[in-house]
Amino acid sequence: MRIAAGLFVASTISLLASSAAWSQTSPAKPAMAIPAAATAPAPAAAAPAPAAAAAQPAQPARAACTNPNALGVGRTVEIDTTGGPGFGFEHFKELDFLKEKEVVLTFDDGPWLGNTPGVLKALAEECTTGIFFIIGKHATYYPEILKQVYAAGHTVGTHTWSHIALVNKKLSEDQRKEEIEKGISATKWALGGIAPAPFFRFPALQHPAEMVTYLGERNIAIFSCDLDSFDFKARSAKQIIDNVMRKLEKNGKGIVLMHDFHKHTAEALPELLKRLKAGGYKVVAMRAKAPVQTMAQYDEAIIKDLKLPTASSRPLSSVVKTVSE
Ligand SMILES: [Zn+2]
């Protein structure tokens, strides 16, 4: 098992280039690390088949950098999500791929009005990037903002349909799967049919074992984090900056959890990115080797959900008539 896991690590991450809650509650930390989803059994023959994989255009590259003092991107890694590898030491200890002083910036719960564009602006000014874990419902509210995230060259992952905790015992297994799948299908819908990365983060970092197995069968990587900014609790931008820098100084590196949903995070980011640069930290971009394959039944469910109920199909002129002007 050890040897197999080692081989898997080697094939999971390949180095590409070196040039360049709102309802979030405090994560419930299990006493022990969750076993890697990478060791999940092979998909059962009876598992529903993903929709046929269609080739999609390559994601736009990040804009050329015009800021000579920018934080930039230290390196880009490509992730083979076969078997659903887990990342982030809070729950998954197997894939320790970051070097000293390397950070991965992650943003949850968007897209959201004002705050997500603020985060995008700060990242663009520093010519750097992150992973956005999207809530499906929010994607349907603000598809244009999500399109901006993708067009700017950032990695788009998903974070369920409605951000309900999947450890909630009231949910059936089918409902948990639906939360995961509709989040993915809604993100694809909002991106105009472009499938996001097979990168997933559980709400509140609570990982029900059977859904970890399911994501393994779906070849979707699971992201916990190494450092929680606790930005959803912060009362100011300064608190977020202090939290992240203090934890990074202690850990030396890590996948940082933040929320583009929150105002203080967007406010904190310009200064935080400058502090990362001054501290000698380098941002690592994480890309998926291939986009996620959505499942046709959930793509259809999203389209059905988004159809507004029609109260009447009578023509306007027969309903509204000007009687005085
Ligand atoms: Zn969240």
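This is a predicted model: local features need pLDDT of at least 70, side-chain atom pairs count only at pLDDT 80 or more; totals for chains, interfaces and linings use all residues.
Colleague: Which residues other than glycine have a positive phi here?

Modeller: The general idea first: most residues other than glycine have a negative phi. Here, A204 has a positive phi near 60°, and F230 has one of about 50°. A204 sits in the loop between β7 and α6, while F230 is in the loop between β9 and α7.

Colleague: Are those two buried or exposed?

Modeller: A204 has a relative accessible area of 5%, so it counts as buried. F230 comes out at 22%, so it is called partly exposed; the cut-off for buried is under 20%.

Colleague: Where is there a cis peptide bond?

Modeller: Most peptide bonds are trans. In this model, the one from G110 to P111 is cis, with omega near 0°. You'll find P111 in the loop between β4 and α2.

Colleague: Back to α8: how do I read which way its residues point?

Modeller: An α-helix has 3.6 residues a turn, so residues three or four places apart point the same way. In α8, the buried residues include T265, L269, L272 and L276. The buried residues of this helix pack against β4, α2, α7 and β10.

Colleague: Where does α8 kink?

Modeller: At L269, by about 45°, shortly before the proline P270. End to end, from first C-alpha to last, α8 reaches 24 Å, close to the 22 Å expected for its 16 residues.

Conventions: Residues are numbered from 1 along each chain as its sequence is written. Side-chain values use heavy atoms; hydrogens and water are left out. Helices (H or I, at least four residues) and strands (E, at least two) are DSSP runs, numbered from the N terminus. Buried means under 20% relative accessible area, exposed over 50%, partly exposed in between (1.4 Å probe, protein chains only). The expected span of a helix is 1.5 Å times one less than its number of residues. The bend at a residue is the angle between axes fitted to the seven residues ending there and the seven starting there. Contact means heavy atoms within 4.5 Å.
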